[in-house]
Amino acid sequence: MGTDTAKMNSPKLGEPYLLTPGPLTTSYEVKEAMLRDWGSWDDDFRAMTRKMRSQLLALLGEERAEYDCVPIQGSGSYCVEAMLGSFVPKDGKVLVLANGAYGLRAAQTMECIGRDFHLINKGDYLPPRGDEVTAILEQDQDITHVLIIHCETSSGILNPVEELAGAAHAAGRKVLVDSMSAFGAVPLDASRVKYTAMVSSANKCIEGVPGFGFVIARKDEIEAAKANSHSLSLDVHAQWATMEKTGQWRFTPPTHVVAAFLKALDAHHEEGGVAGRGARYTRNRDVLVEGMRGIGFETLLADRWLSPIIVTFFCPADPKFEFSRFYESMKDKGFIIYPGKLTVVDSFRVGCIGQMDEDVMRQVVTAANQTLDEMGVATAAPPQAALDERKKLAA
Ligand SMILES: *Cc1c(COP(=O)(O)O)cnc(C)c1O
């Protein structure tokens, strides 16, 4: 798939673009691939599963021989839970590095599955840093694993994953990565970040439809994970062992979603793989951020921490600005944006991922500008409190 507008699949008339971090706008071909039925036990579908696993591993490059790919039914959170429950032994302990909703959800998961953890909570968007990890690992020898959120989708921050993994490895601990919203568009180089396991899902940067996720893990670690899991259905080792033996998923697979995902993987390959996909998303972000700043909006994050996945903007201070009206009016113009998840100041988010190019992002900016006019908002400048918050990030 080319990146020029002519070839980009725009949604059908009246169907808005999803400027959200998944489910996102998918191509017509991806949706079309779901128009037939497959038997889960049939050779055709087994071949599809095999192909999908090897195509996902191919995205790792050189290091792939040491890893295997295990798809898991459900949304991304199911995979996070499967990873934590399968690779952390019952007497293990995880250092959870949180700076937003997904890190906190991982901590909650640890609580639910009854595994010990230590939480570093950096608040809404401050990045956890390597020296903090080093200090805690020195103090707490019980910690066996460190969980890193690659892109914390609640603010859009791209966490310093190599720095954090480096600190964990230097202290002899294992690394788990939630790369849900980054995998496929932001490199996660296994030669530099020797992770035990990472997870992502079908409906993020590969641009499939929702229904399953996948764990990519070192083969020796998968083998060692036998009987660790707290769960029958979320047991990565058991799913892997069955797939290796029979080519089948253990329980009913999302057949149509897998078919769609294979189409999405082909398009990902044609676009130039991780580098090509990442380049389009980066252009999307750059056009969006420059355009929105041009009409007075401010981003939560400094350029250094902005991911090419999703961007958080402060809501304008002008009392005439009302998020629900802004949202509805953007939707009328064909764009579904995303509410913010910050606790201190009002914000909203705009995703850069999915079947969209920079031309669409220009239209988003134009729509935002028109909407401000309609609302009678004189300036999109955020309140002083927001700028004060942001200063903390620079400190
Ligand atoms: C999307 C996402 C998840 C999973 O969320 P689901 O709603 O369960 O799909 C987990 N972590 C991150 C960082 C995400 O972006």
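Let's start with how far along the chain the contacts reach. Among contacts between residues at least 6 apart in sequence, 73% join residues at least 24 apart, where contact means heavy atoms within 4.5 Å. This is a predicted model, in which local features need pLDDT of at least 70, side-chain atom pairs count only at pLDDT 80 or more, and totals for chains, interfaces and linings use all residues. Residues are numbered from 1 along each chain as its sequence is written, and side-chain values use heavy atoms, with hydrogens and water left out.

Now for the overall build. The protein has 13 helices and 14 strands; these are DSSP runs numbered from the N terminus, helices being H or I with at least four residues and strands being E with at least two. Its C-alpha trace spans about 65 × 55 × 35 Å along the principal axes. The radius of gyration is 21 Å, which agrees with the value near 21 Å for a compact globule of 395 residues. That radius is taken over C-alpha atoms, and the globule rule is 2.2 Å times the number of residues to the power 0.38.

What about the surface? Of the 395 residues, 57% count as buried. Buried means under 20% relative accessible area, exposed means over 50%, and partly exposed is in between, using a 1.4 Å probe and protein chains only.

| Residue | Relative accessible area | State |
|---|---|---|
| Glu-63 | 16% | buried |
| Glu-207 | 4% | buried |
| Ala-227 | 60% | exposed |

Glu-63 sits in the loop between α2 (43–58) and β2 (67–73). Setting aside neighbours within four places in sequence, Glu-63 touches Ala-190, Ser-191 and Lys-194.

Glu-207 belongs to the loop between β9 (197–201) and β10 (212–218). Its phi is near 70 degrees, a positive value in a residue other than glycine. Ala-227 also has a positive phi, near 65 degrees, and isn't glycine either; look for Ala-227 in the loop between α7 (219–224) and α8 (236–246).

One more backbone detail: the peptide bond from Gly-22 to Pro-23 is cis, with omega near 0 degrees. Pro-23 is in the loop between β1 (17–18) and α1 (28–32).
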